[in-house]
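Take a moment with the sequence and the model shown here.

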Amino acid sequence: MGDPPLVLIVDEDYNFTRILEAKLRLSGFEVTIAEDLASASAALRSRHFSLVLLDVRLPDGSGLDSLKDLRELSPKTSFVIITAYEEELLRERALASGARDVLYKPFDLELLIYTIHRFLSHEGGISSVATEAVLQDRRRNLRS
C-alpha cells in the first residue's frame, strides 16, 4: 500500500486546525498545517499535497483571492475552500477560481472526510473501497 494522502490545512485558528488534524490523521491522512498564505505557498513548493483545505480569511490575505496563484504552485492538487462567513457569490467565485467545493464552518467532520475521499477517489488517490466504507459509515450515522 502506498503513502497516505497528504492534506494541507491553511487556517490560523489553532484549536480548529488541531481538531481537523486529529480527525484527518484518524482517517488515514498525513496532515500539514499552515497558518497563513506565505506558509501555505512554502509548503506547496516543498511537497505535493493531495488536497488543500483553504480558509478564506487569513492574516496575510484572502485565501479565495490567492487560490489561482496557489493552484499554479500545485496544479494537480484539489482545493476546498473553508469559511465561517456567508458571502454573496462566494461559492461561485471559488468554483470559478478552481476550488472543488466550499464548506461552511462549522461543518460535520464526517462530511469533510467524505468530501476528501470523494475528490481523491476520482483522481486515483484513494480506492473506491475506502470511499464506499466512508459512505457506509455516513449512512449508518444518518440512520442513528
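Leu44 sits in helix H2. Helices here are DSSP runs of H or I with at least four residues, strands are runs of E with at least two, and both are numbered from the N terminus. Leu44 has 4% relative accessibility, so it counts as buried. Buried means under 20% relative accessible area, exposed means over 50%, and partly exposed is in between (1.4 Å probe, protein chains only).

Which residues does Leu44 touch, not counting those up to four places away in sequence? They are Leu8, Phe49, Val52, Leu70, Leu73, Ser74 and Phe79. A contact means heavy atoms within 4.5 Å. Leu44 and Glu72 are 28 residues apart along the chain, and their C-alpha atoms are separated by 9.7 Å.

## What kind of model this is

This is a predicted model, in which local features need pLDDT of at least 70 and side-chain atom pairs count only at pLDDT 80 or more, while totals for chains, interfaces and linings use all residues. Residues are numbered from 1 along each chain as its sequence is written, and side-chain values use heavy atoms, leaving out hydrogens and water.

The pLDDT is the predictor's confidence in each residue, from 0 to 100. Its mean over the protein chain is 86, and 83% of the residues reach 70 or more. Among the elements, H2 has the highest mean pLDDT (98), and helix H6 (residues 128-143) has the lowest (47). Over residues 124-135 pLDDT stays under 50. For that stretch the model has 16 contacts beyond four places in sequence.

Helix H2 covers residues 37-46, and its buried residues are Leu37, Ala40, Ser41, Ala43 and Leu44. Why are they on the same side of H2? They cover an arc of only 165° around the axis, which puts them there. The arc is that of the directions from the helix axis to the C-beta atoms. An α-helix has 3.6 residues a turn, so residues three or four places apart point the same way.

The face turned away from the buried side carries the exposed residues Ala38, Arg45 and Ser46. At the start of H2, a side-chain oxygen of Asp36 comes to within 3.4 Å of the backbone nitrogen of Ala38.

## The chain as a whole

The protein chain has six helices and seven strands. From the N terminus on, they run β-α-β-α-β-β-β-α-β-α-β-α-α. Of the 144 residues, 44% count as buried. Take the contacts with a separation of 6 or more: residues 24 or more positions apart account for 61% of them.

## Two nonpolar cores

A nonpolar core is a set of buried Ala, Val, Leu, Ile, Met, Phe, Trp, Tyr and Cys residues joined through side-chain atoms within 4.5 Å. The largest has 22 residues. Leu8, Val10, Val52, Leu54 and Ile81 have the most contacts inside this core. The elements giving it two or more residues are strand E1 (6-10), H2, strand E3 (51-55), helix H3 (63-73), E6 and helix H4 (90-96). H2 gives the most, with four residues.

Leu54 is in contact with Val10, Leu37, Gly63, Leu67, Leu70, Phe79, Val80, Ile81 and Ile82, leaving aside its neighbours within four places in sequence. Apart from this core lies another, of 18 residues, among them Val7, Val80, Phe107 and Ile116.

Thr77 lies in the loop between H3 and E6. Is Thr77 buried or exposed? At 5% relative accessibility, Thr77 counts as buried. Its side chain reaches the backbone oxygen of Phe49 at 2.7 Å. The Thr77 side chain also makes a polar contact with the side chain of Ser74 (2.4 Å). A polar contact is a pair of N or O atoms within 3.5 Å; within protein, one must be able to donate a hydrogen and the other to accept it, and residues adjacent in sequence count only if both atoms are side-chain atoms.

Ser50 belongs to the loop between H2 and E3. Ser50 is buried too, with a relative accessible area of 16%. Beyond four places in sequence, Ser50 is in contact with Pro5, Leu6, Thr77, Ser78 and Leu120.
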